[in-house]
Amino acid sequence: MNVIPYGRQDISEADIQAVVDVLRSDFLTQGPAVPAFEQAVSDYCGVQHAVAVNSATSALHIACLALGVGKGDVVWTSPITFVASANCALYCGASVDFVDIDPRTYNLSVEQLQMKLEQARQQNRLPKVVIPVHLCGQPCEMERIHQLSQEFGFKIIEDASHAIGGKYQDEPIGSCRYSDITIFSFHPVKIITTAEGGIAVTNHAELAEKMALLRSHGITRDPAQMTHESDGAWYYQQVDLGFNYRMTDMQAALGLSQMQRLDPFVQRRHELAQRYNELLAHLPLTLPWQHPDSYSGLHLYVIRLQLDAIQLTHREVFDALRQQGIGVNLHYIPVHRQPYYQAMGFESGNFPEAELYYQEAISLPMFSAMTDEQQETVCSTLTTVLQA
């Protein structure tokens, strides 16, 4: 059986040659390709600084540290996200809480955020950082979240792991107009890939400098960052407790090559989404809603089953599609439902919109190399399953 995956990379001969060129060069780890890739992402997003790392999880971690997250602090994020969006706060010794989702966008609800902030202020338990997650590639309502940050005094990290190539209010996601730091992921199923990899972008030089230091053991060769004059050309100092989160030149070369096709990749995803909207309109499904202020990166195309109009359960639909070679997935299990988080005291029912979403959501195949024929197979199979 030929399985149609929910996502996959699109690697060209030019991408392969870019990596081969690095393999034949003098640099395999951090050489000239890494800063070139960082510059390409900065230029595309219209942001001043970029720090490339080995994963978006690493980027989230060092972003939290750069913003001073530590023991006694609280970080808030969405329950409908990959666990890394919450785990990054725990890595810093902070605690985590969640804000329920908007029923139309599936992103963090601004209304719920405002209510929770007002309650937290009364309890003197306001968050140090809020991490809005741009689920499926559609950005959160960042202007409103930024306004709340001014009132309640928290910092903002945009988790845009799904969203490079998208726009908010006609500006590229990653411009950091309404945030301190934005994170992108370059995992193979994402919009562009570096195999594994991530990047943090910011308009604050001091945050970029801190994150660059943290990604490489907290070690510097910059005399301006040292505690005393250098002992010689060999000299370096560890001035902070950092990590080995570096991106390799091989990964960066692949990413730099992929950046040249970013806009066509996103455009193709929009074409596929429009076709899905048309091909699935007759079925008992809730199709994705597009916020008028945004242009989604469309990493995912998530449908929600109208279970009261279907004779099958959520799991039966999911399993039937998988059995027919349609590689559907579910993004995501609510983080607060994970055993690790339930051991902290979170319970089922804490975030009802997130849990309702989980009971109904299915991610259909969505990738730039997907053919019209593959998409028609997905839709015809889904139609047959739902009408059984």
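The model is a predicted one, in which local features need pLDDT of at least 70, side-chain atom pairs count only at pLDDT 80 or more, and totals for chains, interfaces and linings use all residues. Residues are numbered from 1 along each chain as its sequence is written, and side-chain values use heavy atoms, with hydrogens and water left out.

Let us start with the helices, which, like the strands, are DSSP runs numbered from the N terminus (H or I of at least four residues for helices, E of at least two for strands). Two packed helices are described by the angle between their axes and the distance between the axes. Here the axes are lines fitted to C-alpha atoms, for helices over the stretch in contact, and angles run from 0 to 180 degrees between N-to-C directions.

Helix α3 (residues 56–66) packs against helix α7 (residues 205–214) at an angle of about 125 degrees, and their axes are 9 Å apart. That makes α3 oblique to α7; angles under 35 degrees count as roughly parallel, over 145 as roughly antiparallel, 65 to 115 as roughly perpendicular and the rest as oblique. The crossing of the pair is right-handed, a term used when the near helix is turned clockwise from the far one by less than a right angle, with anticlockwise being left-handed. On the α3 side, Ile62, Ala63, Leu65 and Ala66 meet Leu207, Lys210, Met211 and Leu214 of α7, where contact means heavy atoms within 4.5 Å. By class, this contact of α3 with α7 has seven nonpolar, no polar and one charged residues. In this scheme Ala, Val, Leu, Ile, Met, Phe, Trp, Tyr, Cys and Pro count as nonpolar, Asp, Glu, Lys and Arg as charged, and the others, Gly among them, as polar.

Helix α3 also packs with helix α4 (residues 84–91): their axes come within 9 Å and cross at roughly 45 degrees. That makes α3 oblique to α4, and the crossing is right-handed. Thr57, Leu60, His61 and Cys64 of α3 make the contact with Ala84, Ser85, Cys88, Ala89 and Tyr91 of α4. By class, the contact of α3 with α4 has six nonpolar, three polar and no charged residues.

**Salt bridges**

The structure holds 17 salt bridges, each a side-chain nitrogen of Lys or Arg within 4 Å of a carboxyl oxygen of Asp or Glu. Among them are these:

| Pair | Closest N to O |
|---|---|
| Arg215 and Glu38 | 2.8 Å |
| Arg144 and Glu141 | 3.0 Å |

Lys210 lies in helix α7 and Asp240 in the loop between β11 (237–238) and α8 (249–259), so the pair ties together parts that are 30 residues apart in sequence. Lys210 is partly exposed at 29% relative accessibility, and Asp240 is partly exposed at 22%. Buried means under 20% relative accessible area, exposed over 50%, and partly exposed in between (1.4 Å probe, protein chains only). Arg215 counts as buried at 12%, and Glu38 counts as buried at 10%.

**Around Asn54**

Finally, Asn54 sits in the loop between β1 (49–53) and α3, and is partly exposed at 24% relative accessibility. Leaving aside neighbours within four places in sequence, Asn54 is in contact with Glu196, Gly197, Gly198, Asn244, Tyr245, Arg246 and Met247.
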